[in-house]
Amino acid sequence: MAVSAPERSTRLLAAHAPGAVEEAARLLAAGGLVAFPTETVYGLGADAANPDAVAALYAAKGRPAFNPLIAHTADAAAARRLGAFNADAARLAERFWPGPLTLIVPFTGGEGVCDLARAGLDTVGLRVPSHPDARALLAAFGGAVVAPSANRSGHVSPTEAGHVMDDLAGRIHAVLDGGPTPVGVESTIVDCTGADPVLLRPGGLAREAIEAALGRPLRLPMSESDAAPLSPGRLASHYAPRAALRLDVDAVEPGEALVTFAGARPPGIEAAATVLDLSPAGSLTEAAARLYGALRGLDASGVSAIAIVPLPRDGLGEAIADRLARAAAPRPSDPEMPQ
Ligand code: TXA
Ligand code: MG
């Protein structure tokens with residue numbers, strides 16, 4: 001049975017309601033688009049083996065078809081059947097899956113992930129998420145599910161089902177609502193196709209943990225442009241709110257919204273339109289989990305400028321700094337321009 005996409009209305013399925021996961025899996029099997037929670041952000045899922053479903057997914061997101069998608073599987077054994085794992089990839093998979101790590105490896109999966117999902121590349125991005133609802137859905141579906149973040153292209157990633165509805169209601173079949181996502185920033189992406197693993201995107205798994213497991217430092221892409229065509233999450237303006245962002249501020253301009261951390265109170269705070277502390281306790285993990293929700297919330301409140309205090313750069317601070325730098329980068333003039 002086929003389902004047509006997009007539908008007029010998007011179903012919100014409470015993940016713990018009886019039959020919800022099975023219904024979401026059925027929609028995927030029928031070629032539908034289903035957003036679901038992972039521990040990082042909500043993903044927009046489609047059957048990885050179904051090119052029609054993948055084409056509909058690109059259309060729903062407004063994402064250019066040359067961007068490859070991450071294939072998610074229920075367990076590492078299923079992921080291992082889709083790619084060739086060298087010793088580094090095998091070690092990282094063993095150590096960090098299920099979890100917020102995506103490995104890029106040579107593709108060996110036959111029909112398991114269609115060409116369109118890989119944007120024609122002979123490599124594939126693989127991830128085994130740890131979120132229980134994601135795992136239940138993947139197990140019920142059986143095959144690989146490709147899932148980019150469930151936002152319109154260029155918007156910040158959704159960390160709650162309501163964010164997905166804001167961006168994609170009427171464009172996808174269903175959202176499996178599993179509550180807020182615990183990590184809050186996307187997975188760390190490591191390219192394991194060469195002799196030395198390369199950090200393509202800092203994310204929800206701290207670089208330090210990966211380097212400790214490998215016993216050596218991760219390489220960085222030779223230049224921003226080396227990674228950009230393959231990893232659009234690295235493109236300049238990405239993850240962007242509508243409001244202008246000012247980073248690493250040491251003083252607040254009147255009328256700006258202030259995003260602060262660990263109780264920091266920069267000069268001018270009294271004249272801020274609103275003040276939001278990402279983690280009064282100074283936890284980068286908490287700050288990462290709250291980052292996108294904070295940007296969405298401030299956008300929705302209508303502020304035109306957001307000032308952000310400097311945050312530490314260690315641990316998840318690397319991913320936070322990366323996303324903020326991209327969010328603050330100059331915007332393409334066309335808001336629908338794929339990013
Ligand atoms: O946490 C996450 O990774 C979330 C959840 C839903 O799993 N997904 C996510 O997907 O962030 P997306 O599509 O927004 O970002 C995936 C990134 C893109 O920058 C894409 O270019 C890169 O992964 N990517 C995928 N396959 C690749 C490949 N074969 N080579 C290089 N980069 C790849
Ligand atoms: Mg994304």
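Helices (H or I, at least four residues) and strands (E, at least two) are DSSP runs, numbered from the N terminus. I start there, since those labels come up throughout the talk.

This is a predicted model, in which local features need pLDDT of at least 70, side-chain atom pairs count only at pLDDT 80 or more, and totals for chains, interfaces and linings use all residues. Residues are numbered from 1 along each chain as its sequence is written, chains are lettered from A and ligands numbered from 1 in the order in which they are written, and side-chain values use heavy atoms, with hydrogens and water left out.

Confidence comes next. pLDDT is the predictor's confidence in each residue, from 0 to 100. The chain has a mean pLDDT of 91, and 89% of its residues reach 70 or more. Over residues 333-339 pLDDT stays under 50, and for that stretch the model has 13 contacts beyond four places in sequence. Contact here means heavy atoms within 4.5 Å.

Now the sheets. In general, strands of a sheet pair through backbone hydrogen bonds, either parallel or antiparallel. For the pairings I report, two strands pair if DSSP finds at least two bridges between them.

One open sheet has 10 strands, in the order β1-β8-β2-β3-β7-β4-β6-β5-β9-β10, with mixed pairing. Its edge strands are β1 (11-14) and β10 (198-201), each pairing on one side only. β1 runs parallel to β8 (residues 174-177), and 4 bridges join the two. Within that pair, L13 has L176 in β8 as its bridge partner. Helix α1 (residues 20-29) packs on this sheet and touches β1, β2 (34-37), β3 (42-47), β7 (145-146) and β8; the direction of α1 makes about 140° with that of β1. For these angles, axes are lines fitted to C-alpha atoms, for helices over the stretch in contact, and angles run from 0 to 180 degrees between N-to-C directions. Helix α5 (residues 132-141) lies across β2, β3, β4 (70-72), β7 and β8, and runs at about 135° to β2.

Another open sheet has 4 strands, in the order β11-β14-β12-β13, and its pairing is parallel. The edge strands are β11 (244-246) and β13 (274-277), each of which pairs on one side only. From one strand to the next, the twist averages 20°. β14 (residues 305-308) is joined to β11 by 3 bridges, and to β12 by 3 bridges as well. Helix α9 lies across β11, β12 (257-260), β13 and β14, running at about 170° to β13.

That brings me to helix packing. Where do the axes of α9 and α10 lie relative to each other? α9 (residues 284-301) and α10 (residues 317-328) pack at an angle of about 30°, with their axes 9 Å apart. That makes α9 roughly parallel to α10, on a scale where angles under 35 degrees count as roughly parallel, over 145 as roughly antiparallel, 65 to 115 as roughly perpendicular and the rest as oblique. The crossing of α9 and α10 is left-handed; a crossing is left-handed if the near helix is turned anticlockwise from the far one by less than a right angle, and right-handed if clockwise. L284, A287, A288, L291 and Y292 of α9 meet G317, I320, R323 and L324 of α10. By class, this contact has 7 nonpolar, 1 polar and 1 charged residues. Ala, Val, Leu, Ile, Met, Phe, Trp, Tyr, Cys and Pro count as nonpolar, Asp, Glu, Lys and Arg as charged, and the others, Gly among them, as polar.

Another pair is α4 (residues 87-96) and α7 (residues 207-214), at about 120°, with axes 10 Å apart. That makes α4 oblique to α7, and their crossing is right-handed. D88, R91, L92, R95 and F96 of α4 make the contact with A209, I210, A213 and L214 of α7. Its classes are 6 nonpolar, no polar and 3 charged residues.

Last, some backbone details. Most residues other than glycine have a negative phi, and most peptide bonds are trans. The peptide bond from W97 to P98 is cis, with omega near -5°, and P98 is in the loop between α4 and β5 (101-106). A119, not a glycine, has a positive phi of about 55°, and is found in the loop between β5 and β6 (123-127).
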